[in-house]
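Have a go at each task before you read its solution.

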Amino acid sequence: MAEQPILSIKNLKTYFYLVERVVKAVDGISLDVYKARITAIVGGSGSGKSVMSLSIFNLIDDPGKIIDGEIWLNGVNIRNLKEKQLLKIRGKEISMIFQEPTSSMNPVLKVKKHLFEVIHTQNKAIRNKEALSMFRDVLSRVGLKNTEQILESYPFELSGGMCQRVMVAMGLLANSRVLIADEPTSSLDLTTQAAILEELVRLKNEGMAIVLITHDLGVVAQMADDVYVIKDGKIVESGTVYDVFESPKHEYTKSLLNSIF
C-alpha cells in the first residue's frame, strides 16, 4: 500500500476582505507532505506562501478568513478542531519557524523562557539543568555564540538575524512530526545558512517531514525532495525536484528557473 501523507491540504482557500476588493491570497491549494522528505513551497513575494502556512495553524487575522478546505494531519482534519484542541497539537505534532521572528516572539519574555515553553510542550517533566544544556547546544548549532548571554536576553535586545536564529533553534527543539520553515535563512550570512540547512537535513533524515517555504531556488535544488510552485494563490506546478527543475512545464516556473541559471 502506498505511503500516506502526514500532512495533506485539500482545496484550501484564504481570502482577505478589504473595503475595495477581496484578495484571494490562497485560492484552492492542495498538496501532500510526507515524512522524511523536504517539501519546498516556491513562489515570488505575495504569491500566498506565508498565508498558506499561517492558515495551517489557523493564525489568520481580520480581515482575512479561511473560507474553505481541509487540513489533514496524521489522519485528523484539524480544520474541525477547536482552538483549545489546536493548542495541544501546535508545537508537538506540528511546529513552525516564522518568517518575522521579532514580531513572533513575546518581547517581555527572555529567550530561555521561549525555549522552556517549547521544550515543556514535548516533556513537562524535563529538569531545568538538562533543558538549559539542550538550549546551549541548539543555539550553538544555529551559529549563535555567547549562549549564556543570549538565554538571558529579551528579543528586543537582539538583532533581527539573531532573533531569526533563535526562532530556528525553537523549531529544531520542538522535534515535532512536521516542521514548517518559512524563509528560515533569509538575511543570514552564508555560513549560518549552511549550518541551519544542515540541521534541517538532519531532522529529515531522522524522519521529520519538513515544509520549506522559500523564494531561493538554489536552496530548493540543494535540499528539496518535492516542489510545489505557487503563483497568485494557486499551485501552477508540482513534482519531484528533478521533474520541476529538469522539465518545467509552466511559464512561471520557467521564469523562476531562468532567474538563477
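**Exercise 1.** Find which strands helix α7 lies across, and how α7 runs relative to β6.

*Solution.* Start with α7, residues 160–174: this helix lies across β6 and β7, with contact meaning heavy atoms within 4.5 Å. Next, take the direction: α7 runs at about 165° to β6. Axes here are lines fitted to C-alpha atoms, for helices over the stretch in contact, and angles run from 0 to 180 degrees between N-to-C directions. Helices (H or I, at least four residues) and strands (E, at least two) are DSSP runs, numbered from the N terminus.

A note before going on: the model is predicted, so local features need pLDDT of at least 70 and side-chain atom pairs pLDDT 80 or more, while totals for chains, interfaces and linings use all residues. Residues are numbered from 1 along each chain as its sequence is written, and side-chain values use heavy atoms, without hydrogens or water.

**Exercise 2.** Work out the strand order of the open six-stranded sheet, and why one side of β6 and of β10 lacks a neighbour.

*Solution.* The order is β6-β7-β8-β3-β9-β10, with mixed pairing; two strands pair if DSSP finds at least two bridges between them. β6 (94–97) and β10 (234–240) stand at the edges with a single partner strand each, so one side of each has no neighbour in the sheet.

**Exercise 3.** Describe how α5 and α7 cross.

*Solution.* The axes of α5 (residues 128–141) and α7 come within 9 Å and cross at roughly 125°. Then list the contacts: M134, F135, V138, L139 and R141 in α5 meet V166, A169, L172 and L173 in α7.
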